[in-house]
Amino acid sequence: MKVAEEYPGLYEYANFELPQEELFLPGHGLCASCTIGVIARHMLKVLGPDTIVVNPTGCAEVSTVVYPRTNWAVPWIHVAFGNGGSVASGIEAAIKVLKRRGVIDPNRKINIVVFAGDGGTADIGFQALSGMLERGHKVIYVMYDNEGYMNTGIQRSGTTPFGASTTTAPAGKKVPGNVTHKKPMVAIAAAHGIPYAATANPAYVHDMVYKFKKAAEADGPAFLHILQSCTPGWRFEPKYAIRVLELATETGYWVNYEIDHGEFRVTVPVPKRKPVKCFLQLQGRFRHLKPEEIDTIQALIDKDVAEINRIVGREVIGPVDPGLECLTPRGAR
Amino acid sequence: MRIETVWVGRGGQGIVTATYIIANASIIDGFHAIANPEFGAERRGAPVKAFLTISKEPIEDQEPVKTPHVAVVFDDKLLGAMQFVIDAVKPGGYVILNTGKSPQDAAALVGRDDVNIVVIDAIAIARKHLKLDVPNGPLAGAFSKVMGFPSLQSIREAFETQLGKAVEENFAAVKEAYEVAAVIPAKKVDASAKPKGIISTTSAFLTGPYEVVGWREVNKAGAVFPGSSFPYATGGWRIDKPVIDHSKCIMCRKCWLYCPDDAIIEAWVEREGPRGRKFRMKMIDFDYQYCKGCGVCAEVCPTGAIQMVREI
Ligand SMILES: Cc1ncc(C[n+]2csc(CCOP(=O)(O)OP(=O)(O)O)c2C)c(N)n1
Ligand code: SF4
Ligand code: SF4
């Protein structure tokens with residue numbers, strides 16, 4: 001277990017030590033198989049009951065708080081689409097004051113989390129996020145990235161990948177769907193000089209959980225960019241919700257890394273990559289792509305991977321091995 | 001002549017498309033038609049409603065249908081949660097129901113003898129022809145059979161303009177449904193009687209008991225009690241349910257880890273050992289009140305201990 005030696009603490013929760021307690025309760029209206037549920041469940045397992053969730057509009061919000069009931073067994077506040085970072089900043093400042101005045105026990109550790117979609121983060125909530133990071137509020141910002149505005153009908157967002165067909169960037173005869181590449185949100189957040197920024201993937205739960213823990217322990221703002229599969233938006237069979245996320249990492253499309261006080265680490269090394277085709281062919285939003293467009297995407301990924309290997313200084317994400325089976329057979333992982 | 005219909009089903013089952021297809025096909029056949037779905041924040045699997053009115057005369061109003069002549073129900077588990085739709089059907093009208101149950105059991109489920117009940121296993125037909133769980137085509141076929149319009153040929157044309165793809169497969173499903181739909185005629189019809197209720201127009205988002213909260217009970221700033229979602233029984237969203245073979249389960253807890261709905265629980269069960277000694281052990285079990293039947297647990301299970309079994 002080389003990774004565990006290298007990064008002590010990574011597998012702290014691995015061996016059946018995830019808390020049983022659920023603070024994200026069942027009875028929510030998320031689509032069947034939506035991995036927002038997986039992210040939120042484990043997030044609250046790690047952060048515990050002393051957590052305040054700030055939730056801008058999006059799928060997570062409309063599906064989990066259907067008046068007069070809520071799934072969140074922790075304090076939760078709905079905010080507008082664009083101001084998650086600002087509201088969380090205000091809550092953090094207020095708690096600081098209450099602690100100073102002795103209204104709240106100064107030693108009590110209260111986690112403040114913004115749980116926002118990619119649209120509410122990378123696009124319309126961007127200035128609020130940037131302001132929050134700049135002022136150094138101790139808030140954990142979790143961006144669940146389903147690569148589109150899914151709640152309002154699958155429009156493209158700043159993190160929609162190249163070649164994906166969406167309702168506002170549909171694939172046609174001349175244009176293969178979306179033509180921009182994903183906005184590098186972790187790099188942008190880290191450039192604010194914050195102590196902790198990371199990417200995560202719910203298919204790698206232990207890695208994700210470890211990052212929630214590190215984010216909670218950071219001495220300032222923390223930013224987590226978490227990939228999330230969306231059945232209607234990505235158009236795959238519901239049962240593949242985790243498989244498709246696994247493929248994202250196995251193909252190098254999604255690299256799990258962290259930037260801890262400026263230090264860059266890949267937390268899920270991939271010795272041999274599967275071709276990106278494996279990830280694409282499971283989804284309907286890429287169905288229209290021609291072989292040369294798939295090659296373009298493969299080239300984009302190869303470039304990103306080379307850059308990551310260069311930063312790390314050795315080959316953490318290996319070369320493409322076309323001999324690998326796309327879906328890892330049952331029980332092999 | 002003016003026929004008002006309501007279509008109820010789940011997000012992702014193609015309710016809206018079905019009403020567009022029938023509306024289009026009726027227009028090709030020389031009728032006037034208006035299809036108006038009711039949109040809310042419907043996720044995949046959540047109950048959805050759509051209205052469709054077909055008439056010989058031009059239709060001028062765009063009102064939602066309150067007491068339909070025909071109710072098309074895409075999922076027999078909606079009968080409980082959306083009973084008000086069945087109650088609202090006019091005496092002598094039709095209830096078209098997608099179910100895997102026998103016509104007699106299905107009729108008992110509907111629980112009315114003053115309406116004609118049409119039973120069709122649209123999911124089996126859709127899986128056969130399209131390899132998908134979208135029962136809308138077969139239900140359109142059943143509609144065409146019992147109402148006598150629109151013609152199959154027009155439905156086919158509507159598929160071409162509306163979908164533009166998989167026309168053959170969809171049409172094959174429609175045709176099969178047209179042939180096999182079973183009709184149980186109404187026993188006694190009192191044409192002067194009024195329906196028992198009307199269809200409310202609020203968007204039905206979750207299945208389960210609803211509470212109408214008056215303004216007096218609304219807390220300050222709309223605050224609600226944390227973690228109060230238990231009465232929303234999202235288990236009604238299922239088509240398939242997970243079933244576990246305990247002899248294959250190695251308790252790796254992967255299914256528990258990845259269930260988005262917190263529907264996998266570890267239950268202590270009492271077992272008898274070989275020499276009659278009783279002991280307690282932990283086993284994986286499902287909370288069917290909340291399991292949406294997504295199939296993720298069966299897919300991630302490393303030993304294949306979980307199977308998805310059809311339920312409706
Ligand atoms: C200022 C503003 N513009 C538009 C909307 C409508 N709206 C609500 S949710 C949403 C999409 C949210 O997308 P994202 O943040 O990616 O979350 P997801 O739905 O994918 O979970 C939009 C556009 C809004 N609520 N406020
Ligand atoms: S639309 Fe996508 S993100 Fe939204 S609830 Fe459904 S699966 Fe989840
Ligand atoms: S089918 Fe889906 S919702 Fe049901 S127990 Fe399995 S993972 Fe959970």
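Buried area is the accessible area, taken with a 1.4 Å probe, that two parts lose on being put together, summed over both. Keep that in mind for the interface.

A word on the model first. It is predicted, so local features need pLDDT of at least 70, side-chain atom pairs count only at pLDDT 80 or more, and totals for chains, interfaces and linings use all residues. Residues are numbered from 1 along each chain as its sequence is written, chains are lettered from A and ligands numbered from 1 in the order in which they are written, and side-chain values use heavy atoms, with hydrogens and water left out.

Now the interface. Chains A and B bury about 4100 Å² between them, and 57% of that is on carbon and sulfur atoms. Which residues of chain B lose the most area to chain A? They are B:Arg43, B:Tyr258 and B:Glu299, together 17% of what that side buries. The contact (heavy atoms within 4.5 Å) takes 50 residues from chain A and 46 from chain B.

Next, ligand 2. It lies between chains A and B. Near means a heavy atom of the residue within 4 Å. Around ligand 2 we find, among them, A:Cys31, A:Cys34, A:Cys59, A:Cys230 and B:Arg43. For the classes, Ala, Val, Leu, Ile, Met, Phe, Trp, Tyr, Cys and Pro count as nonpolar, Asp, Glu, Lys and Arg as charged, and the others, Gly among them, as polar.

Ligand 3 has 14 residues around it. B:Cys259, B:Cys291, B:Cys294, B:Gly295 and B:Cys297 come nearest. By class, the shell has 10 nonpolar, 2 polar and 2 charged residues.

Last, a helix pair in chain A. Helices here are DSSP runs (H or I, at least four residues), numbered from the N terminus. H2(A), residues 36–47, packs against H8(A), residues 205–217, at about 45 degrees, with axes 9 Å apart. Axes are lines fitted to C-alpha atoms over the stretch in contact, and angles run from 0 to 180 degrees between N-to-C directions. The two helices are therefore oblique to each other. The cut-offs are under 35 degrees for roughly parallel, over 145 for roughly antiparallel, 65 to 115 for roughly perpendicular, and oblique for the rest. From H2(A), residues including A:Val38, A:His42 and A:Met43 take part, and H8(A) brings residues including A:Met208, A:Phe212 and A:Lys213. That contact has 10 nonpolar, 1 polar and 1 charged residues.
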